[in-house]
Amino acid sequence: MLSTTDLLKKAANGERLTPEEGLFLYTEGDPQAMMAVAHDLRLQKTEPGLVTYLVDRNINYTNVCTTDCQFCSFYRVPGHPEAYVITRRELGEKIEELLAWGGTRILMQGGHNPDLPIGWYEDLLRWLKATYPEIECDCFSPSEIENIAHLEDLSMEAVLERLHAAGLDGLPGGGAEILDDAVRKRISPKKTKTAAWLHAMRIAQGLGMVTSATMVIGFGETMQQRIASLTRLRQLQDESLAAHGNGFSAFIMWTAQLSQTNSLGRSRHRDKYGANYDEYLHTNAFARIYLDNFTNFQASWPTQGLDVARRALFAGANDFGSTMLEENVVSQAAAYTEKEPAMSVYRLHEQIRLAGFEPAQRDSRYRIVRRFDRVMSREELAPRPIPTRLTMLQEPVELA
Ligand code: SF4
C-alpha cells in the first residue's frame, strides 16, 4: 500500500484510488493536505474563479408518510391533524414568488403518501408544465418513485417513464443517506434499499433526466460503509457516462441532523450519531478526490451554516447550493436553518464574494444562466413580481 502522501499525489495526477486505498487515505491521511488536493482538483475541473448557485425553491407537496425514518422530523402519519397535501393555488403562489426572484427550478419532494395515485402526480406535472413552462421540475426521489410503484403495482421504469412524459425533468438524489443496507435497515428499515435507489437513478439517467448524488454522514456508520456508499455512486457514474453520457450532475453531502423532534436525536445512543464540521469538511474533500468522475460538488449551507459552507469552497466544493426560498425537511431538525431558513440572492452573492469568488447563477444542469462580474446592489438583486397566472385556476376535485 502506498503512503497517504503518495496516494494524494496519485489522486492529484488524476489517477483513481481503489476502495482500499480510499479507506486508508480517508482514515489515515492529513485532512488539511486532503483539502488542498481537493481544492486543486476543483480548480482543474471547474471554472476556477467562479462559484455557482441555483435560484430554486424546495416545495414539500405532502408531509404524509408511512415510512417512519428515525432521522425525520417532517412527516406526519395519515390522518394526523397536521397532515397536508398541497393545493395548486399554494403551489402556484410559491412558484410565482420564485419567478419573481429569477428562479429556474423547483425541487418538489414529499412523504410516502399512500393516498396519492400516479394520476395525481401526472396531472400535477402536466399542470405545472402548462402553467410555468420556464420552470424545471426536479421532483420526488427514488424512494417516492418506489412508493408509487408499490401502490400502483408498476415497475419503477414504468413510473419514471410516465412521470417523465408528464413533465418530470429531474430526479433529485434525496434518500441516499448511506448506500449500505446494514445502515439503512437500522435507521430507516421501511425505506428504499441500496439497489433500488441506484436502480431508480440508473433509469432516470437513461431517460435523460437530471439527477444528483447525495450522502449523509453521522448515522453511526463505519468508515468502510461510507467508502462503500461512495464506491457505488462512482460505479453507477462510470456506467451511465459510458452508456449514454448522462450521469449525476453533482455530489452533495451533509451531516445527520439530530433534534428532539426526531427519534435519532432523542435516542439514548445519541452520542454515537452526528458528525462535526471538521468531519464534514474532511469528508467533502475526500469525496472530491475519490469521486474522480464527478464534476460538481455542492456546499451545504442549510445544514452546516454559512461559515463552514464557505470553507467547503476550499475543500472541493465549487457550488454554493441554492437559495432554498423554502425548505421544510432539513429545517425541522437543523440548527442553522432555524436562524436563517431562506437565503436571498443578495446574501448568496455576499457569501461567495466573501470567499473570494465571482458568483454565477446556474440551472440544474450546471449551465450558466447569468454571470456577475461586478458587485450587485441589494436593489438590483431584489425580486421583481410577475403577473399571476392563477386567475382562472380551478382545483381538481382530488386535491380538495
Ligand atoms: S425521510 Fe422521507 S420517507 Fe423517511 S419518514 Fe421522512 S418523509 Fe418519510
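The legends below go with close-up views of a predicted model, beginning with the whole chain and moving on to single places within it.

Residues carry numbers that start from 1 along each chain, in the order in which its sequence is written. Because the model is predicted, local features are given where pLDDT is at least 70 and side-chain atom pairs count only at pLDDT 80 or more, whereas totals for chains, interfaces and linings use all residues.

**View 1**
The chain holds 16 helices and twelve strands, where helices (H or I, at least four residues) and strands (E, at least two) are DSSP runs numbered from the N terminus. Its C-alpha atoms fill a box of roughly 65 × 50 × 45 Å along the principal axes. The radius of gyration of the chain is 20 Å, which agrees with the value near 21 Å that a compact globule of 400 residues would have; this radius is taken over C-alpha atoms, and the globule rule is 2.2 Å times the number of residues to the power 0.38. Of the 400 residues, 48% count as buried, a term that requires 20 or more other C-beta atoms within 10 Å of the residue's own, while 12 or fewer make a residue exposed and the range in between makes it partly exposed, with C-beta atoms placed from the backbone. Among contacts with a separation of 6 or more, 77% join residues 24 or more positions apart, a contact being a pair of residues whose C-beta atoms, placed from the backbone, lie within 7 Å.

**View 1**

Strand β2 (residues 56-60) is mostly covered, since four of its five residues are buried. It runs parallel to strand β3 (residues 105-109), to which five bridges join it, and within this pairing Arg-57 stands opposite Ile-106; two strands pair if DSSP finds at least two bridges between them. Together with helix α4 (residues 88-100), the strands β2 and β3 make a right-handed unit, right-handed meaning that, with the strands pointing away from the viewer, the path from the first strand over the helix to the second runs clockwise.

Strand β1 (residues 50-54) pairs with β11 in the parallel sense over five bridges, and the bridge partner of Val-51 in β11 is Pro-359. On the other hand, β11 and β12 run antiparallel and are joined by three bridges, with Ala-360 opposite Arg-371 of β12. The hairpin of β11 and β12 has five residues between the strands, and in it Tyr-366 takes a positive phi near 65 degrees. Most residues other than glycine have a negative phi. Tyr-366 is partly exposed, because 16 other C-beta atoms lie within 10 Å.

**View 2. Asp-153, in the loop between α6 and α7.**
Asp-153 lies in the loop between α6 (142-152) and α7 (156-166), and its phi, near 55 degrees, is a positive value in a residue other than glycine. With 7 C-beta neighbours inside 10 Å, Asp-153 counts as exposed. Its C-alpha atom is separated by 34 Å from that of Thr-104, which is 49 residues apart from it along the chain.

Leu-348 belongs to helix α16 (residues 345-354) and is buried, because 24 other C-beta atoms lie within 10 Å. Leaving aside neighbours within four places in sequence, Leu-348 is in contact with Tyr-53, Phe-320, Thr-323, Met-343 and Pro-359. Ile-386 has its place in the segment after β12 and counts as exposed, with 12 C-beta neighbours inside 10 Å. Not counting residues up to four places away in sequence, Ile-386 touches Glu-96, Leu-99 and Ala-100.

Notes:
Two residues are in contact if their C-beta atoms, placed from the backbone, lie within 7 Å.
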